[in-house]
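Dear colleague,

I am handing over the structure we spoke about, and below it you will find what came out of going through it. Please read the notes with the coordinates open beside them.

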Amino acid sequence: MRQGLNRRQFGQFIAGGTIALWLHGCGQQEQSTNQKPQVVSTSTILTDLASTIAGDSVQVIGILKPGADPHTYEPVPADTVAMEKANLILYNGYNLEPGLIRLIKAAGVNARQVAVGEVITPLQLEKEGQKVPDPHVWGDVQNVAKMTIVVRDALIQLVPNDREKMTQNADRLIAELNRLDGWIKQQVQTIPAANRLLVTTHDAFQYYGKAYQLAIAGTLIGISTEEQPSAQTVQRLVQSIRSARVPAIFAETTINPALIQTVAQEAGVKLAPQQLYSDSIGAVGSSGETYIKMMAANTTTIVQALGGRVIPFQTG
């Protein structure tokens, strides 16, 4: 039968246990110390920008996933947890993501909050008889270059020791955005002048049209995808398309294409074979998996459908 520990064995047991507990505590402290700051972003476009600029300096948590619609998204409990743990929250603003903005402004969220899109002076659109800011600011690539600076500065304030790295990442991104902006202008100019007309499912391309000289000939619904078009609205759009002799119209990835397909059939016009990315970048592996690829893919779709010629954009 096993005997109890003698005094020497007992002392060794206690010493070993103390060391083990000390090592365990050090490990926990090191893990806590090395935990990266958490940055929560509401839109997929902001998630892409923040991840590109920050690299591995922070943990970027994107609330909306590729293909999700920020206009209609309703927060879930996990979003509340992410907001409460965040050190920095990046959101578009101008009421693009109303459900998430309400959550951000709720009690219990103490992180610094930055409305990145609101660095841009907005275009004004009509909604329910009133003028409201158009939140789709990323349609103009130069706007996103300005937004990149806002994101960079917010991240540097959070992790000042990584200033140099994040500044370099932002500089590279801005250079790529400037190149993309010039490329889009060149491609659009290949569209016959009479065909430079854009008809989409919802009013998300005003900035794109203004920046790249495409007239918005009509949309099925307004600024928010929550709106439901009436039969009269559909018929007005059909008549506008016929009158303007628009060569093609466009569906969007975040919206059910059924209604715009009906419009195309009734107007006797082609529906572009590829849908446009409007309020979200695409899934990993898709043609629009980053903001830059999204804008290149949209431009390619628009230019080809309206009768222009595209030289593919070469990403850096």
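A cavity, in the sense used here, is a set of points on a 1 Å grid over the protein atoms alone where a 1.4 Å probe fits but cannot get out. Please keep in mind throughout that this is a predicted model.

By that rule, one cavity of 30 Å³ or more is counted, and the largest cavity holds about 50 Å³ of space. Its lining is made up of Trp-138, Gly-139, Ala-204, Phe-205, Tyr-208, Tyr-277, Ser-278, Met-295 and Asn-298.

Phe-205 has a relative accessibility of 6% and Tyr-208 one of 2%, so both count as buried, the cut-off being under 20%. Together with Tyr-212, Phe-205 and Tyr-208 form one aromatic cluster.

Turning to helix 3, which spans residues 77-85, which of its residues are buried? They are Asp-79, Ala-82 and Met-83, and because these cover an arc of only 100 degrees around the axis, they lie on the same side of helix 3. On the face of helix 3 turned away from that buried side are the exposed residues Pro-77, Ala-78 and Lys-85. The cover over the buried residues of helix 3 includes strand 1 (38-41), strand 3 (88-91) and helix 4 (98-104).

A last item concerns Val-132, which is found in strand 6, residues 130-133. With a relative accessible area of 21%, Val-132 is partly exposed, since the class of buried residues requires a value under 20%. Val-132 and Pro-122 are ten residues apart in sequence, and their C-alpha atoms are 9.0 Å apart in space.

With best regards

Notes: Residues numbered from 1 in each chain as written. Predicted model: local features only at pLDDT ≥ 70, side-chain atom pairs only at ≥ 80, totals over all residues. Heavy atoms only, no water. 1 Å grid on protein atoms, 1.4 Å probe; cavity = no way out; pocket = protein on both sides within 12 Å on 5 of 7 lines; lining within 4 Å. Points joined across faces, edges and corners; volume = space filled by probe spheres on them. Buried < 20%, exposed > 50% of the residue type's maximum accessible area, 1.4 Å probe, protein only. Helix = DSSP H or I, 4+ residues; strand = E, 2+ residues; numbered from the N terminus. Arc of directions from axis to C-beta. Contact = heavy atoms within 4.5 Å. Phe/Tyr/Trp six-rings, centres within 6.5 Å; stacked < 30°, edge-to-face > 60°.
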